[in-house]
Amino acid sequence: MRPPRRPMGVVTRGTTNPNRLRRVDNWIAASCAGVLRDAVDPLVVDLGYGATPVTAVELRARLATAVRPDVRVVGLEIDPVRVAAAGYAADPPGLTFARGGFELAGLRPVLVRVFNVLRQYDEAQVADAWRTMADALAPDGLIVEGTCDELGRLATWLLVDRTGRPRSLTLAPRLGTLESPAALAERLPKALIHHNVPGTGVHALLRALEDGWRDAAPYATFGPRQRWLRTVEAVRAGGWPVLDRPARWRLGEITVPWPTVAPG
Ligand SMILES: C[S@@+](CC[C@H](N)C(=O)[O-])C[C@H]1O[C@@H](n2cnc3c(N)ncnc32)[C@H](O)[C@@H]1O
């Protein structure tokens, strides 16, 4: 038997909050339901759950309710103190906690949610982290890697597949408190946040959203959802290959293929 690998990564700030990841969890339940339902072993890793296990508890509850009741979520943390502190919330076999890093502690999950983790690394480390996690995935496995603010009002994430490369970028602001889509710039995934400058795809996307949001201001009387829907329609009419259906746009999301925003 091979000796277990050392957890890959470093301990970082443990900030977390109840319901902070609600938007991405609901997106996972809708967009990744197929791989979870088809999986022989519906194993999901929540990598880097932070100072308290609350978002891992929520992920398990949401997936068990919306996708399959026998989902198994393993919260992995690189900080052994946080692993010990999460023990009270364990509910095996559906929810357990263990020490691990980007190598995923020898697990073969079909899905990894890794949120507000890579934000604290250097951009140069991101591709290696994706690759390491992707190598550990089950066949057809997926990684959802992203960032949000402390309360989850501004969230963005990438869907990364087994090649270790992203497929798509999703932006998900909470519409009730959104002043302008420009606010999303400060919460972009690490792979994009330093590339939001004129001439790049991500900059052009945020500009198109800002323009659309401004032009759709009259629809604010019908509520922020209508305004966002018009905004996404305008972005699409402008040539962006927006993914997903209007039902998801209405929730305050927009998803675009990775090549449209990939740096370089
Ligand atoms: C800001 S917290 C994020 C908590 C939660 N995911 C959220 O979004 O609310 C980041 C956590 O990731 C952990 N972490 C950092 N690098 C890691 C790695 N390579 N593997 C596992 N955990 C890691 C840190 O120890 C920290 O507890």
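Tutor: Start with a cut-off: a residue counts as buried if its relative accessible area is under 20%, and as exposed if that area is over 50%. Note also that the model is predicted.

Student: Is Trp 157 buried or exposed?

Tutor: The limit for a buried residue is under 20% relative accessible area. Trp 157 falls under that limit because its relative accessible area is 0%. The class of Trp 157 is therefore buried.

Student: How are the rings of Phe 115 and Trp 157 arranged?

Tutor: A pair of aromatic rings is described by the distance of the centres and the angle of the planes. By the rule for ring pairs, the count in this model comes to seven aromatic pairs. For Phe 115 and Trp 157 the ring centres are 6.3 Å apart and the planes stand at 55 degrees. Planes under 30 degrees apart would be stacked and those over 60 edge-to-face, so this pair is tilted.

Student: Which parts of the chain does the pair of Phe 115 and Trp 157 tie together?

Tutor: Phe 115 is itself buried, at a relative accessible area of 5%. Phe 115 belongs to strand 4 (residues 111-115), and Trp 157 to strand 6 (residues 154-160). The pair therefore ties together parts that are 42 residues apart in sequence, namely strand 4 and strand 6.

Student: Which residue do ring pairs link with Phe 115 and Trp 157 into a cluster?

Tutor: Ring pairs join Phe 115 and Trp 157 to a further residue. The cluster takes in Trp 27.

Student: How many charged residues are in the shell around the ligand?

Tutor: The ligand is surrounded by 26 residues, with Thr 16, Gly 48, Glu 77, Arg 82 and Tyr 121 the closest. By class, eleven are nonpolar and eleven polar, and the number of charged residues is four.

Student: Is Arg 174 buried, partly exposed or exposed?

Tutor: Arg 174 sits in the loop between strand 7 (166-173) and helix 6 (190-193). Leaving out residues up to four places away in sequence, Arg 174 touches Arg 23, Leu 151, Gly 152 and Arg 153. Because its relative accessible area is 30%, Arg 174 is partly exposed.

Terms used: Residues are numbered from 1 along each chain as its sequence is written. This is a predicted model: local features need pLDDT of at least 70, side-chain atom pairs count only at pLDDT 80 or more; totals for chains, interfaces and linings use all residues. Side-chain values use heavy atoms; hydrogens and water are left out. A residue is near a molecule or strand if one of its heavy atoms lies within 4 Å of it. Ala, Val, Leu, Ile, Met, Phe, Trp, Tyr, Cys and Pro count as nonpolar, Asp, Glu, Lys and Arg as charged, and the others, Gly among them, as polar. Helices (H or I, at least four residues) and strands (E, at least two) are DSSP runs, numbered from the N terminus. Buried means under 20% relative accessible area, exposed over 50%, partly exposed in between (1.4 Å probe, protein chains only). Contact means heavy atoms within 4.5 Å. Rings of Phe, Tyr and Trp (its six-membered ring) pair if their centres lie within 6.5 Å; planes under 30 degrees apart count as stacked, over 60 as edge-to-face and the rest as tilted.
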